[in-house]
Amino acid sequence: MTKKTVLITGSTSGIGLATARVFAAKGHNIVFNGLEANGAEIAADVAKEFGIDYLFSPCNVLESKQIDEMVSQAVDKFGTIDILVNNAGIQFVSPVKDFPLEKWNAIIGINLTAPFLLTKAVWPYMEKQKFGRIINIASAHGLVASEYKSAYVSSKHGIIGFTKTIALEGAPFNITCNAVCPGYVHTPIVENQIGDQMKAHGLSREEVIQKVMLAKQAIKSFIPIELIANTVAFLAADEATTITGISVPVEGGWTAQ
């Protein structure tokens, strides 16, 4: 693949950062995004390590105006956006009877509405150049459900439906859209879930990991973060040019049961 410009939300930590590193290693321009205080430094370090051109945006993907500004800055610098990875996400664990409305709205906003807004913002450039690759980071919870995660499961099921719709709309313009559905990857968002699950179930940390998190995976270990990043990179590669509208489970056999 020739040099492309890749915009990855939530790319200063976790799966997003691992994905940025994979694309950077291939020589692509990276538009980093994150709210961490040291996000700009993280982006600069990756760019220096791989010798790539980059842009960092502290855009809050809950704010549509900030999304438009980030995309505009990226296009001003690089001319277009070729690959969009909708990765930013949040989680909250609670029985539905106690689930705070503000948490529901935030999860739906970041996990589902933000990918819609980002896709809408980059679409004119992809359509004009007759090329685009959109990869949405969904979850095994986009394919199956678990208790105490009503908002997260709803948002991830929604992103898979959105993925299929965009695949159909994008086909005439050589724009593909696919989803990656990870199982449990040991990222900051999962680390935060451990404490929430300990409270919800009254279990120890190790009991949560083995009896709650990994219980449904046939392979009883966290999914390697590099595996997720490499799956994203494959879906953006020339070899995947006619793969569109699918959801790729990378979840240790979770949904095989």
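Lys 211 and Glu 207 form a salt bridge in which the closest N and O atoms are 3.8 Å apart; the term denotes a side-chain nitrogen of Lys or Arg within 4 Å of a carboxyl oxygen of Asp or Glu. Both residues belong to helix 7, where they lie 4 residues apart, about one turn of the helix. Helices (H or I, at least four residues) and strands (E, at least two) are DSSP runs, numbered from the N terminus. Lys 211 counts as exposed at 57% relative accessibility, whereas Glu 207, at 29%, counts as partly exposed. Here buried stands for under 20% relative accessible area, exposed for over 50%, and partly exposed for values in between (1.4 Å probe, protein chains only).

The model is predicted, so that local features need pLDDT of at least 70 and side-chain atom pairs count only at pLDDT 80 or more, while totals for chains, interfaces and linings use all residues. Residues are numbered from 1 along each chain as its sequence is written, and side-chain values use heavy atoms, with hydrogens and water left out.

By the salt-bridge rule the count comes to 5. One of these joins Arg 205 and Glu 191, with an N to O distance of 2.7 Å. Arg 205 lies in helix 7 (residues 205–213) and Glu 191 in helix 6, so this pair ties together parts that are 14 residues apart in sequence. Arg 205 is partly exposed, with a relative accessible area of 37%, and Glu 191 is likewise partly exposed, at 30%. Another salt bridge links Arg 21 to Glu 49, whose closest N and O atoms are 2.8 Å apart. This pair connects distant parts of the chain, with Arg 21 in helix 1 and Glu 49 in helix 2 (residues 39–50), 28 residues apart. Arg 21 has a relative accessible area of 32% and is partly exposed; Glu 49 is partly exposed as well, at 48%.

An open sheet of 7 strands has the order 3-2-1-4-5-6-7, with parallel pairing. Strand 3 (54–57) and strand 7 stand at the edges with a single partner strand each, so one side of each is left without a neighbour in the sheet. From one strand to the next the twist averages 15°, where axes are lines fitted to C-alpha atoms (for helices over the stretch in contact) and angles run from 0 to 180 degrees between N-to-C directions. Two strands are taken to pair if DSSP finds at least two bridges between them. In general, strands of a sheet pair through backbone hydrogen bonds, either parallel or antiparallel.

Two of the pairings illustrate the arrangement. Strand 1 (residues 5–8) and strand 2 (residues 29–33) run parallel and are joined by 4 bridges, with Thr 5 opposite Asn 29 in strand 2. Strand 6 (residues 175–182) pairs with strand 7 in the parallel sense, also over 4 bridges. Within strand 7, Val 250 is the bridge partner of Pro 182. Strand 7 (residues 247–250) has a covered face formed by Val 248 and Val 250, and an uncovered one formed by Ser 247 and Pro 249.

Grid points are joined across faces, edges and corners, and a volume is the space filled by probe spheres set on the points. The largest pocket holds about 870 Å³ of space. Its lining comprises 44 residues, of which Asn 87, Ala 88, Gly 89, Ile 90 and Ile 189 are the closest to the centre. Helix 6 gives the most to this lining, with 6 residues. The lining divides into 21 nonpolar, 18 polar and 5 charged residues, where Ala, Val, Leu, Ile, Met, Phe, Trp, Tyr, Cys and Pro count as nonpolar, Asp, Glu, Lys and Arg as charged, and the others, Gly among them, as polar.

A search of the whole structure finds 1 cavity of 30 Å³ or more. Residues that line the largest cavity include Asn 87 and Ala 88. Helix 4 gives the most to the lining of the largest cavity, with 4 residues.

Notes:
On a 1 Å grid over the protein atoms alone, a cavity is a set of points where a 1.4 Å probe fits but cannot get out, and a pocket is an open set with protein on both sides within 12 Å along at least five of seven lines; lining residues have an atom within 4 Å of a point.
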